[in-house]
Protein chains: 2
Amino acid sequence: MTEMNKQWLLKSRPVGEPTLDNWEYVETPVPTPGEGEMLLKTIYMSLDPYMRGRMNESKSYAASAEIGQPMSGTGVSVVVSSNNPKFKEGDYVVSHTLWQSHSVSNGQGVMKVDPSNAPISTGVGILGMPGLTAYVGLLDIGQPKEGETVVVSAASGAVGSIVGQIAKIKGCRVIGVAGSEDKCRYVVDELGMDECLNYKDDDFEAQLEKACPNGVDVYFENVGGRVFDAVFPLMNDFARIPLCGRIANYNMTGDPDGPNKLPAFMGTMLVKRIMLRGFISFDHYDRFPDVVRDLGNWIRTGEVKYKEDIVQGIENAPEAFLGLLKGKNFGKLLVQVSEDPTRD
Amino acid sequence: MTEMNKQWLLKSRPVGEPTLDNWEYVETPVPTPGEGEMLLKTIYMSLDPYMRGRMNESKSYAASAEIGQPMSGTGVSVVVSSNNPKFKEGDYVVSHTLWQSHSVSNGQGVMKVDPSNAPISTGVGILGMPGLTAYVGLLDIGQPKEGETVVVSAASGAVGSIVGQIAKIKGCRVIGVAGSEDKCRYVVDELGMDECLNYKDDDFEAQLEKACPNGVDVYFENVGGRVFDAVFPLMNDFARIPLCGRIANYNMTGDPDGPNKLPAFMGTMLVKRIMLRGFISFDHYDRFPDVVRDLGNWIRTGEVKYKEDIVQGIENAPEAFLGLLKGKNFGKLLVQVSEDPTRD
């Protein structure tokens with residue numbers, strides 16, 4: 001039986017919450033690489049919240065996925081065959097693979113992954129974009145100082161788990177926020193954050209205020225919604241808000257009436273001299289060597305831990321993605337598309 | 001007739017727009033300075049938008065004015081008599097004089113003003129807090145680069161006029177926004193900004209879009225309201241918003257339903273990687289020497305001009321202040337409380 005390229009195409013654009021009907025599964029012939037190109041076979045496909053934005057037609061920070069085309073996405077692949085002198089058969093790489101089992105690349109924007117450094121799956125996780133996002137957002141934008149209080153939302157997730165652990169290394173008091181008791185236990189017991197609160201608790205706001213007796217100096221914002229509304233009033237003078245996502249708001253249509261309307265928000269930003277800065281990891285590729293060096297070291301010394309939530313089979317990608325938007329994953333969400341020869 | 005201390009006391013806290021009833025005029029004996037203290041006679045009293053915040057009980061960035069006490073405020077005074085070795089009779093100083101004709105000071109936070117450097121009234125204007133606000137907000141926070149587009153609201157005002165002129169010196173395209181044709185003409189003809197738009201025009205939003213064909217890189221935010229709503233959608237990727245005031249919103253009670261609700265706002269902040277930072281000039285006193293040097297030079301070379309709107313007599317302070325909140329002043333608003341011996 002000839003091997004086929006398993007693909008998930010975007011079939012329609014969601015209004016509000018996506019459903020399984022928004023994608024279509026197809027199998028097409030495996031493409032043939034041309035001159036200077038190589039054929040990649042996806043091993044791990046990364047599922048990330050930003051992909052929700054790609055499903056919209058409206059302007060986001062990257063081009064929308066096109067109807068009838070494979071969904072955007074990066075993955076860790078093995079080079080099956082190469083006409084590109086920079087890559088050879090058997091190399092492991094991270095690239096823009098899309099939601100499919102095979103892809104052809106001319107090598108542009110492709111990064112090699114060294115399996116002797118760390119498990120190759122980390123190339124789309126702690127040593128990839130989530131690691132870069134955490135590192136740049138916390139250190140370059142948040143600039144936490146020893147003794148300050150840092151609040152991290154989605155604290156057991158791909159980005160938040162790294163943010164919280166780096167903040168601990170920098171000597172901060174770190175309060176994680178997550179969506180279940182299990183996740184909170186993991187955040188405190190395994191990742192070493194000082195406390196972790198469940199934002200689904202009725203008295204979450206009161207718990208948060210109690211957990212931050214000295215206010216909040218850095219809020220790493222990647223969820224929005226109720227967590228933002230609870231943290232914002234606790235911000236100290238000269239606080240910083242690195243803003244890399246608003247997952248709770250991604251499926252919103254229209255303008256909801258939250259407690260934080262813009263004029264009141266801006267008043268607080270001024271009075272407390274708060275700095276808010278939106279950022280996207282791909283603007284900060286120059287920091288990748290630092291990420292790989294520092295996070296690589298911290299993984300080896302055990303100061304930083306990571307957790308992966310690996311879903312088997314590309315067939316299950318859409319369902320796993322819908323779960324991600326609802327916080328069902330526990331750890332960095334990956335889809336195993338083909339066997340990982342480096343793993344026992 | 002014994003000279004009396006003319007004072008404006010805060011009588012009641014306004015709900016929404018202040019009225020003349022919120023203040024009470026009294027005359028009390030001129031105070032006597034104690035050991036280490038000096039008696040100051042106010043020449044120019046500064047009226048500034050931030051004073052609206054001091055009238056509220058709610059937390060602002062400075063303590064509220066107390067009911068029954070003189071309103072907060074800074075002014076340029078002459079030293080009438082001094083028991084403080086650092087100051088002598090006849091010195092001109094800037095200090096926290098409050099809304100009154102005489103004050104006693106122990107010298108803390110008092111800055112001398114050199115009448116040979118520039119007119120002493122500039123001590124509460126272009127060489128004082130408004131100059132510092134413009135300088136720090138534009139240069140340190142806005143960081144404009146040559147060729148970028150800068151939009152300045154309240155462009156004929158104390159702060160905006162300086163922001164726009166510094167931005168021109170730095171090689172930017174500068175679009176001013178003001179509230180009358182007269183002000184706009186002054187902003188373009190006298191201050192040299194590239195264009196100036198009247199935000200009261202029906203088609204202001206369309207005019208602004210046309211005036212910014214390359215988008216907006218720095219928006220110096222000190223008015224809020226309709227101007228902010230028009231500028232924000234034009235912001236470029238990596239734009240900066242120094243935030244030093246929201247005069248259009250100061251009298252708001254409750255949360256108005258503007259077109260920019262918070263979730264949509266945050267989405268744009270993220271997608272465009274915008275930086276918003278609230279700041280208050282008094283956190284940046286360390287930059288005062290640079291302000292006095294650079295703005296002093298630019299005034300002497302004629303590269304920077306300033307305009308004062310001087311109201312005669314402390315009796316008229318409340319009415320002038322109400323006019324300031326409505327944009328009735330044209331230039332830096334001062335109240336002349338007593339004769340200026342340095343002026344012809």
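Visitor: Which residues does V231(A) touch, not counting those up to four places away in sequence?
Guide: V151(A), L208(A), V216(A) and Y219(A). Bear in mind that this is a predicted model.

Visitor: Which members of the largest nonpolar core touch the most others?
Guide: V231(A) and V231(B). The core holds 208 residues. Membership requires a buried residue, and buried requires 20 or more other C-beta atoms within 10 Å, so both valines pass that test.

Visitor: How confident is the predictor in chain A, by mean pLDDT?
Guide: The mean pLDDT of chain A is 90. A pLDDT of 70 or more is reached by 93% of its residues. Residues 253–260 of chain A are below 50. Beyond near neighbours in sequence, that stretch still has 14 contacts in the model.

Visitor: What are the ipTM and pTM scores of the model?
Guide: The ipTM is 0.78 and the pTM is 0.83.

Visitor: What is the strand order of the open sheet?
Guide: There are twelve strands: β10(A)-β9(A)-β8(A)-β11(A)-β12(A)-β13(A)-β13(B)-β12(B)-β11(B)-β8(B)-β9(B)-β10(B). The pairing is mixed.

Visitor: What makes a strand an edge strand here, and which ones are they?
Guide: Each pairs on one side only. They are β10 (195–198) of chain A and β10 (195–198) of chain B. From one strand to the next, the twist averages 15°.

Visitor: How do you know that β11 and β12 of chain B pair?
Guide: Pairing needs at least two bridges, and residues 216–220 and 235–243 of chain B share two, so β11(B) and β12(B) qualify. Their sense is parallel. V218(B) stands opposite R240(B) in β12(B).

Visitor: Which strands does helix α2 of chain A touch?
Guide: Helix α2 (residues 129–142) packs on the sheet, touching β11, β12 and β13 of chain A. Its direction makes about 145° with that of β12(A). Helix α3 (residues 160–169) of chain A lies across β8, β9 and β11 of chain A. Against β9(A), α3 runs at about 165°.

Visitor: Which residues of helix α9 of chain B are buried?
Guide: A317(B), P318(B), A320(B), F321(B) and L324(B).

Visitor: Why are they said to be on the same side of α9(B)?
Guide: Because they cover an arc of only 160° around the axis. They pack against β1, β2, β3, α1, β14 and β15 of chain B.

Visitor: Which residue follows α9(B), and what is its phi?
Guide: G327(B) follows, with a positive phi near 75°.

Definitions and conventions
Residues are numbered from 1 along each chain as its sequence is written. Chains are lettered from A and ligands numbered from 1 in the order in which they are written. This is a predicted model: local features need pLDDT of at least 70, side-chain atom pairs count only at pLDDT 80 or more; totals for chains, interfaces and linings use all residues. pLDDT is the predictor's confidence in each residue, from 0 to 100. Two residues are in contact if their C-beta atoms, placed from the backbone, lie within 7 Å. A nonpolar core is a set of buried Ala, Val, Leu, Ile, Met, Phe, Trp, Tyr and Cys residues joined through C-beta atoms within 7 Å. A residue is buried if 20 or more other C-beta atoms lie within 10 Å of its own, exposed if 12 or fewer, and partly exposed in between; C-beta atoms are placed from the backbone. Helices (H or I, at least four residues) and strands (E, at least two) are DSSP runs, numbered from the N terminus. Axes are lines fitted to C-alpha atoms, for helices over the stretch in contact, and angles run from 0 to 180 degrees between N-to-C directions. The arc is that of the directions from the helix axis to the C-beta atoms.
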